[in-house]
Amino acid sequence: MTETPKTLLHRWVSAQSGDQADWLAEQLETLAAGGPERTLYIFLGFAPRKLGKADLFLTEADKAAAEAAHPGWRPEGWSVDGAARVLGLLTYKSDRAFVDVFKDLRRTSDLGEMIALYRGLPLYPDPESLFFEVGEGLRSNLKPVFEAIAHNNPFPRDRMDEHRWNHMILKALFVDSQLSPIVGLKDRANPELARILIDYANERWAAGRPVTEELWIPVRPFADHPEIAPLLATATAEGRLTKEVLS
Amino acid sequence: MFIDPHAHMISRTTDDYEAMAAAGVVALIEPAFWVGQPRTFVGTYVDYLSTIVGWERFRAGQFGIRHYCTVGLNSKEANNEELAEGVMEWLPRFALKEGVVAIGEIGYDEQTPLEDKYFRLQLELSKELNLPVMVHTPHRDKKRGTSRSMDVCEEMGVDPSMVIIDHNNEETVAETLQRGYWAGFSIYPSTKMGNARMVEILKQYGSERIIVDSACDWGISDPLGVAKTAELALKSGISEETVRRVCYQNALDAYGQSGQMKEEDWLTPPAIDQRTVYEGNSILRGGRDPLISVPGEERKANLIIE
Ligand SMILES: [Zn+2]
């Protein structure tokens, strides 16, 4: 039987809940029954106090189960409290639209909470309704919040339009964030992005700054594209780029 | 290692963070206060609280300093009833956030009935949530305002061991200590304490329940207040143990009662924090000796901007 993200989170968090197992079970029951939103705030506030902030312990089988439950979902690097918070949010039965609950949580969240809220993105209902919230997170200057969306998270690959996607990749470069943990980096490559990235590389070279090798991952598929090839040829002719980097 | 348990970093620059880290500050507490001018919307206050529980914490972490905060409605803005009511509605949502170590700074400014009302309501909240309280004592009519703050804490049934009475001076310290409260001293030029006077207080009162802070903010103030006081005290023959207690341990003991501030936070931080919000402190990594320099001094000496 395939497990859902919610049942997986439940299993993982329970396994690491130690002497707080009863507290966790009781809280989840209360959240599932609905009731005042205050219950949810308090659960989210207490999650790290009760459960600690250790890394989620995941076996290879767990990681495979995550992929099966939601393609592209990579909970590696999640912490117990973060997983519990997403679990609580998925469990809570609200009369309000999910996005409204999310928005209130997001704008009063501490750092750890905000990271957890955004890591849970692929698992929430009505993904289209969350676009504004995702935009707020991506515009944040909090690098770990940006990375909660951009890294190991299939939401951008599955839901973002090309403009938003391209700007996320570009921002990752600007804030010195790695590109390789971005889910769908190759699948969502496009000629417009390749052009933007080459422009960006030219700017860096002009300023005497290095260009990360990762930048070429989404450029390579379009190395022979009629609009891209001449740009690459110029950079190669000027000695800034080698053929090996592109192959 | 130092803790600065009262620093409004939202008003300070990256030079200040660098200088504090270089001087050995490993952790600091940012109390919620007014920002130099009154807020006129509840929303700006909410965003302010969100800034000190999130963004400022992240900023400090990039310089290897652990950032904590207190949340509260300050005495000045308690006089705007419409704003105050709105803030009181939102406050409980922030009080349980990670790194919130107290309700504060609360207390009196002009000792008005509205200040009194919201001071008492917030003392009630601190009891309900079992959080310490940071009390801002007034600049004007200070001695009476300080006594009154303690009277009200006791009337409300708050244990003095959970209360830090801040901005003490020679006139208020004896009563604060005698009644069992923690006594904070803000090393703030002109209006509060100077560090030479602070050294005299340490000579007279020792180290028990005394806490030194900088209270640096948007005014002329010094983020190295704690480090400089420690250095001056040592030079004046105060023992290392006393300095360690008033510039580090007492603040940790007082605010640690929240359960939100532990030495492990900077000595052995959790892996998740190291990946996200805390870069680690170069002094703790055994890098350099603590160095007191004027914020920005090193930058000015370096002409090249890369
Ligand atoms: Zn202050």
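D273(B) sits in helix α11 of chain B, which spans residues 271-276. Helices (H or I, at least four residues) and strands (E, at least two) are DSSP runs, numbered from the N terminus. This is a predicted model: local features need pLDDT of at least 70, side-chain atom pairs count only at pLDDT 80 or more, and totals for chains, interfaces and linings use all residues. Residues are numbered from 1 along each chain as its sequence is written, chains are lettered from A and ligands numbered from 1 in the order in which they are written, and side-chain values use heavy atoms, with hydrogens and water left out.

**Exercise 1.** Classify D273(B) as buried or exposed, and list its contacts.

*Solution.* 
1. Take the cut-offs: buried is under 20% relative accessible area, exposed over 50%, partly exposed in between (1.4 Å probe, protein chains only).
2. D273(B) counts as buried because its relative accessibility is 6%.
3. Set aside residues up to four places away in sequence; D273(B) then touches K53(A), R66(B) and Y278(B). Contact means heavy atoms within 4.5 Å.
4. Compare sequence and space: G61(B) is 212 residues from D273(B) along the chain, with a C-alpha to C-alpha distance of 9.3 Å.

**Exercise 2.** Find the donors of the zinc ion and say what H6(B) and E105(B) tie together.

*Solution.* 
1. Donors are N, O and S atoms within 2.8 Å of the metal (3.2 Å for Na, K and Ca); water is not among the atoms, so sites may look incomplete.
2. H6(B) and H8(B) coordinate the zinc ion through NE2, and E105(B) through OE, at 2.0 to 2.2 Å.
3. The spacing along the chain is H-x1-H-x96-E.
4. H6(B) lies in the loop between β1 (2-4) and α1 (14-22) of chain B, and E105(B) in strand β4 (residues 100-107), so the pair ties together parts 99 residues apart in sequence.
5. Both H6(B) and E105(B) are buried.

**Exercise 3.** Describe the lining of the second largest cavity.

*Solution.* 
1. On a 1 Å grid over the protein atoms alone, a cavity is a set of points where a 1.4 Å probe fits but cannot get out; lining residues have an atom within 4 Å of a point.
2. This cavity has a volume of about 40 Å³, the space filled by probe spheres set on the points, which are joined across faces, edges and corners.
3. Its lining includes G61(B), R66(B) and Y278(B).
4. α2 (42-62) and β3 (66-71) of chain B each supply at least two lining residues.

Methods: On a 1 Å grid over the protein atoms alone, a cavity is a set of points where a 1.4 Å probe fits but cannot get out, and a pocket is an open set with protein on both sides within 12 Å along at least five of seven lines; lining residues have an atom within 4 Å of a point.
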